[in-house]
Amino acid sequence: GPCTECSCSSGKEAKDPSHTKKKESDQLCIPKIFFGTRTHKQISQISRELKRTAYSSVPMTILSSRDYTCIHPVVSNSSKRSEMCVELLEGKHGKSCSYYHGVHKLIEHHALQPVCQAWDIEDLVSLGRKLRACPYFAARELMVGADIVFCPYNYLLDPQIRDSMDINLKDQVVILDEAHNIEDCARESVSFGVTESQLRAAREELDLMVSNNIRQKHHEPLQAVCCSLI
C-alpha cells in the first residue's frame, strides 16, 4: 500500500509541473562515452576497430592537440602553436584565421555525419585541408552531439585541460584503455621541468622580498625550498 511519509499516501502523486519537467529532462540526458587512450596512435587503432562493429555509425569525435590537427601554414610549423592560435583568434595583430571561420563547413560535411562510418584524426585533417577548415575546433564542436568521445588520458585526468576543452565528466561513462598507465599520466599532469638558472633567479627575487619584509611568512618557506633544490 501507499506509504505515509510522502505525497503518494493520498493514493495520488502530487502534480508539480516543475517536477514533471525535471523528470523528463533526466530521461533525455543520455550519457556520453569518453574513451581515453595513452597515445594518439592508439585512438586511430580503436577507431578502425569501431568501423568493424555494428556501432560504426554512432556520432563520434576525437579530441587532440593542435600538434596533430592544426593546418594553418604558419601556426602548424611553429613551436608555439597554442599561443599563435590564440593571437589569431583574438586578432591581436590585425590578422585572423580563415580556417577557424570555416569550421561549419567541416562539421556539416557528409563524411562526418552519423550515417557514415567511424573516422580517425587523419581523415579529419585530410578533409580539413580539402575544405580549408580547422580540424581542431571542428572536433570540439562535434563533441556536443557525440555519443563517443575519443581522447588521450590527460584530457580526462588534467583539470586544466578538462576546463579548456569544456569536458564535463559528471554522469558520463569513462573508459580508460590500458589503465595501468594512469599513474604515469597522473604524475606527468602535475609535474613540470625547471632549470637551475630559473631556481637561482627565483631565489634572488625571494631574497629581495624577504629583505624588504614583503609577505615574509609566505616568502621565507619558498626561499628555503629554492635554496634546498639548488
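Predicted model: local features only at pLDDT ≥ 70, side-chain atom pairs only at ≥ 80, totals over all residues.
1. Sheet layout. Four strands form an open sheet in the order β2-β3-β1-β4, and the pairing is parallel. The edges are β2 and β4 (173-176), each of which pairs on one side only. Direction ignored, neighbouring strands of this sheet are turned by 20° against each other on average.

2. Helix on the sheet. Helix α2 (residues 40-51) packs on the sheet. The helix touches β1, β2 and β3. The direction of α2 makes about 155° with that of β3.

3. Bridges to β3. On one side, strand β1 (residues 33-37) pairs with β3 in the parallel sense, over 5 bridges. Here F34 has V149 as its bridge partner in β3. Strand β2 (residues 60-62) also runs parallel to β3, joined to it by 3 bridges. T61 has V149 as its bridge partner in β3, and I62 has F150.

4. Burial of β3. How many residues of strand β3 (residues 148-152) are buried? The count is 5 of 5, and the strand is mostly covered. I148, F150 and P152 point one way from β3. V149 and C151 point the other way. Both sets are buried.

5. Core. The largest nonpolar core has 42 residues. Which of them touch the most other members? They are M60, L63, L106, F150 and I167. F150 ties this point to β3, where it is the bridge partner of I62. Leaving aside neighbours within four places in sequence, F150 is in contact with F35, I43, I46, L50, M60, T61, I62 and L63.

6. Aromatic pairs. The count of aromatic pairs is 3. In one of them, the ring centres of Y100 and F137 lie 4.9 Å apart with planes at 80°, so the pair is edge-to-face; the cut-off for that class is over 60 degrees. This pair links distant parts of the chain, 37 residues apart. Y100 sits in the loop between α4 (81-90) and α5 (103-107), and F137 in helix α7 (residues 135-142). Y136 and F137 form another edge-to-face pair, at 4.9 Å centre to centre and 85° between the planes. Ring pairs link Y100, Y136 and F137 into a cluster.

7. The cut-off for buried is under 20%.

8. Positive phi at E178. E178 is not a glycine, yet its phi is positive, near 50°. The residue is found in the loop between β4 and α10 (182-189). E178 counts as partly exposed because its relative accessibility is 33%.

9. Positive phi at R215. R215 is not a glycine either, and its phi is positive at about 45°. R215 lies in the loop between α11 (196-211) and α12 (216-229). Its relative accessibility is 62%, so R215 counts as exposed.

Technical notes:
Residues numbered from 1 in each chain as written. Heavy atoms only, no water. Phe/Tyr/Trp six-rings, centres within 6.5 Å; stacked < 30°, edge-to-face > 60°. Helix = DSSP H or I, 4+ residues; strand = E, 2+ residues; numbered from the N terminus. Buried < 20%, exposed > 50% of the residue type's maximum accessible area, 1.4 Å probe, protein only. Pairing = 2+ DSSP bridges. Core = buried A, V, L, I, M, F, W, Y, C linked by side-chain atoms within 4.5 Å. Contact = heavy atoms within 4.5 Å. Axes fitted to C-alpha atoms, helices over the stretch in contact; angles between N-to-C directions.
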